[in-house]
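Visitor: Please take one part of this model and go through it closely. Then set that part against the rest of the chain.

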Amino acid sequence: MNVKGILLDLDGVLYTGDNPLPGAPGAVRYLKGRGYITRFLSNTTRYSRATIESRLLAFGFDIGEDEIITPAVAAINYILETGLKRCHLLTTRDIHSEFEAAGLFHQNTEADWVVVGDAGDNFNYDTMNQAFRLVQGGAGLIALEKDRYWMGSDGWMLSAGPFVRGIEYATGKTAALIGKPSPGFFGMALRDMGLIPADAVMIGDDVVSDTGGAMKAGMQGILVKTGKFNLEALVGADPGPTMIIRSIAEIDTIL
Ligand SMILES: [Mg+2]
């Protein structure tokens, strides 16, 4: 495969739950050693970029904060560009901190935006109803991601998607999607790498959000059979991935 840049998903490709996947740190070192430009494109919306970096370091990965691109980072850029800064954040505390560091402060009323990420335990009737009321009252709805689920250390976990859909259903409005598979998210990563789509490949475990989104944006897509990989999703995928490998540890056979 002839490319200059590699976008890697994190969860399900480099680690699952609290464990790095076998051979994954070595695979990242291999790709960097071969001179590829790398970016790590995660749909994780529970953790800030700084927290993700320190988790990756603890797992043994040599990955810098500036190589990590998350929906929260992209949403902050997007919101700052609009000039409308009043955000109601239905997210984790860690993501609140990341918004605050950018000068965007959570507010319960009078919001321009309702931002929904994977809020974990912060999802409950009251927080969902407050988000619903603000969107019903005219605030814009921003989905950091719309993934259905992810693989936690003790089993499947609901992601932000089901909660975003709930607010969309109640209000009749559609959320602006920031994370994968939105073309804007992949475009932001490519601009950061200084590459055109034809020069890049996305490696992920989600045939829709990762490889499907990247391929619709003009890149190639390599699917790994770790993390949330499942055969049913692969059979129904349009487009299907360019290539499939067993795990990131096998990347040296094609790149
Ligand atoms: Mg993944």
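Close look

Guide: Ala-233 sits in helix H9 (residues 231-235). Helices here are DSSP runs of H or I with at least four residues, strands are DSSP runs of E with at least two, and both are numbered from the N terminus. The model is predicted: local features need pLDDT of at least 70 and side-chain atom pairs count only at pLDDT 80 or more, while totals for chains, interfaces and linings use all residues. Residues are numbered from 1 along each chain as its sequence is written.

Ala-233 counts as partly exposed because it has 14 C-beta neighbours inside 10 Å. By the rule used, a residue is buried if 20 or more other C-beta atoms lie within 10 Å of its own, exposed if 12 or fewer do, and partly exposed in between, with C-beta atoms placed from the backbone. Val-207 is 26 residues away from Ala-233 along the chain, and their C-alpha atoms are separated by 6.9 Å.

Gln-220 belongs to strand E13 (residues 220-224). Its 20 C-beta neighbours inside 10 Å are why Gln-220 counts as buried. Leaving aside residues up to four places away in sequence, Gln-220 touches Met-1, Val-3, Val-201, Met-215 and Thr-242. A contact means that the C-beta atoms of two residues, placed from the backbone, lie within 7 Å. Ile-203 is 17 residues from Gln-220 along the chain, with 8.7 Å between their C-alpha atoms.

Strand E13 is part of an open sheet of six strands, ordered E5-E4-E1-E12-E13-E14 with parallel pairing. Strand E5 (68-69) and strand E14 (243-245) are at its edges, and each pairs on one side only. Strands count as paired if DSSP finds at least two bridges between them. Strands of a sheet pair through backbone hydrogen bonds, either parallel or antiparallel.

Within this order, strand E1 (residues 5-8) pairs with strand E4 (residues 37-41) in the parallel sense over four bridges. Leu-8 has Phe-40 in E4 as its bridge partner. E1 is also joined to strand E12 (residues 200-204) by four bridges, again running parallel. Here Leu-7 stands opposite Met-202 in E12. From E1, Gly-5 and Leu-7 point one way and Ile-6 and Leu-8 the other way, and all are buried.

Two bridges join E4 to E5, and the two strands run parallel. Leu-41 has Ile-69 in E5 as its bridge partner. Helix H7 (residues 183-193) packs on the sheet and touches E1, E4, E5 and E12, with its direction at about 150 degrees to that of E4. The angle is taken between N-to-C directions on a scale from 0 to 180 degrees, from axes that are lines fitted to C-alpha atoms, for helices over the stretch in contact.

Another open sheet has four strands in the order E6-E7-E8-E11, with parallel pairing. Strand E6 (87-90) and strand E11 (176-177) each have a single partner strand, so one side of each is left without a neighbour in the sheet. Strand E7 (residues 113-116) and strand E8 (residues 140-143) run parallel and are joined by four bridges. Among the pairs, Trp-113 has Gly-140 in E8 as its bridge partner.

Strand E9 (residues 149-152) and strand E10 (residues 155-158) run antiparallel, joined by four bridges. A hairpin of two residues connects E9 to E10. Met-151 faces Trp-156 in E10.

The domain assignment gives domain 1 (5-43 + 180-253) and domain 2 (84-177); such bounds come from an automatic or database assignment. The C-alpha centres of domain 1 and domain 2 are 26 Å apart. Ten residues of domain 1 and seven residues of domain 2 take part in the contact. On the side of domain 1 that touches domain 2 there are no nonpolar, seven polar and three charged residues. Ala, Val, Leu, Ile, Met, Phe, Trp, Tyr, Cys and Pro count as nonpolar, Asp, Glu, Lys and Arg as charged, and the others, Gly among them, as polar.

The chain as a whole has nine helices and 14 strands. Of its 255 residues, 46% are buried. Among contacts between residues at least 6 apart in sequence, 68% join residues at least 24 apart.
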